[in-house]
Amino acid sequence: MRQTPSLHRRRIAAATLLLPWFAGCASPAAGWQASPEAIAALAPTGRLRASINLGNPVLARREASGELAGVSIDLARELGRRLGVPVDLMAVDSAGRSVEVVRGANADIGFFAIDPLRGEGVAFTAAYVVIEGAYMVRADSPLQANAEVDRPGRTVAVGKGSAYDLYLSREIKQATLVRIPTSPKVVDEFMAQKLDVAAGVRQQLEADAKRTPGVRLLPGRFMVIEQAMGVPAGRPPLAQQSLRRFVEEMKASGFVARSLQRHGIEGAAVAPAA
């Protein structure tokens with residue numbers, strides 16, 4: 001069908017208006033590269049200092065060789081590559097400590113479970129991974145379901161300052177929370193102190209169950225944790241904006257999924273696009 005000149009002009013105008021949108025859609029495939037202003041906002045010292053929480057084995061761990069490995073490390077190194085700056089990995093043993101390091105601007109980025117309390121002093125991206133929180137009990141425990149945990153007189157071990165601690169501090173009304181210094185020590189203290197329940201990352205509890213006779217996990221989950229990246233809240237808005245764009249590209253490109261697969265992580269899923 002032959003187009004009239006006016007119709008042709010309108011179609012050209014419409015296509016011109018859509019060009020910025022198409023350019024934005026194409027950016028993940030092309031690969032995001034930071035502007036000089038974004039580099040200065042994210043790595044003002046000329047190095048990218050990344051706080052790595054070793055308390056969550058889904059995200060990071062220390063190998064027998066002493067090297068750090070996990071999706072957090074992969075993301076930190078890829079961000080450093082995109083910024084064109086060296087990466088300093090700063091390993092800490094708990095989520096609470098990682099928050100402190102980033103809040104104090106002693107690190108440029110960190111990896112956290114999204115929580116309102118942590119939002120004070122940390123500017124988050126959208127989630128890149130979602131993982132499950134679960135409960136462990138002794139094999140002879142009368143507890144059979146998550147809903148039975150919050151009862152008077154029951155004790156629940158939880159890593160101090162972890163996402164589970166923050167969540168359960170709001171949700172538990174009758175049971176007593178017993179805060180353990182770090183998440184990896186929760187099961188050992190749960191057994192040593194003869195507590196009723198241990199709360200934590202499902203993968204961590206499953207690994208602990210293999211080395212701890214006489215325990216079992218309750219079926220299902222008591223919460224879903226959204227894991228995100230974050231920067232000190234005092235940084236220029238461009239820092240958070242750039243980090244958000246980076247995270248979205250890492251999800252859309254399959255980078256996060258490949259990292260989880262490479263490190264043998266099961267039970268965690270790539271978060272949906274923001």
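I started at R47, which sits in the loop between α2 (36-42) and β1. Helices here are DSSP runs of H or I with at least four residues, strands are E runs of at least two, and both are numbered from the N terminus. The model is predicted: local features need pLDDT of at least 70, side-chain atom pairs count only at pLDDT 80 or more, and totals for chains, interfaces and linings use all residues. Residues are numbered from 1 along each chain as its sequence is written, and side-chain values use heavy atoms, with hydrogens and water left out.

R47 counts as partly exposed because its relative accessibility is 38%. The cut-offs are under 20% relative accessible area for buried and over 50% for exposed, with partly exposed in between (1.4 Å probe, protein chains only).

I then listed the neighbours of R47. Leaving out residues up to four places away in sequence, R47 touches V85, P86, D88 and D108; contact means heavy atoms within 4.5 Å. V85 is 38 residues from R47 in sequence, yet their C-alpha atoms are 5.4 Å apart.

I moved on to S51, in strand β1 (residues 48-53). S51 counts as buried because its relative accessibility is 0%. Its side chain makes a polar contact of 2.8 Å with the side chain of S98. Beyond four places in sequence, S51 touches residues including M90, V92, I109 and F111.

How values were computed: A polar contact is a pair of N or O atoms within 3.5 Å; within protein, one must be able to donate a hydrogen and the other to accept it, and residues adjacent in sequence count only if both atoms are side-chain atoms.
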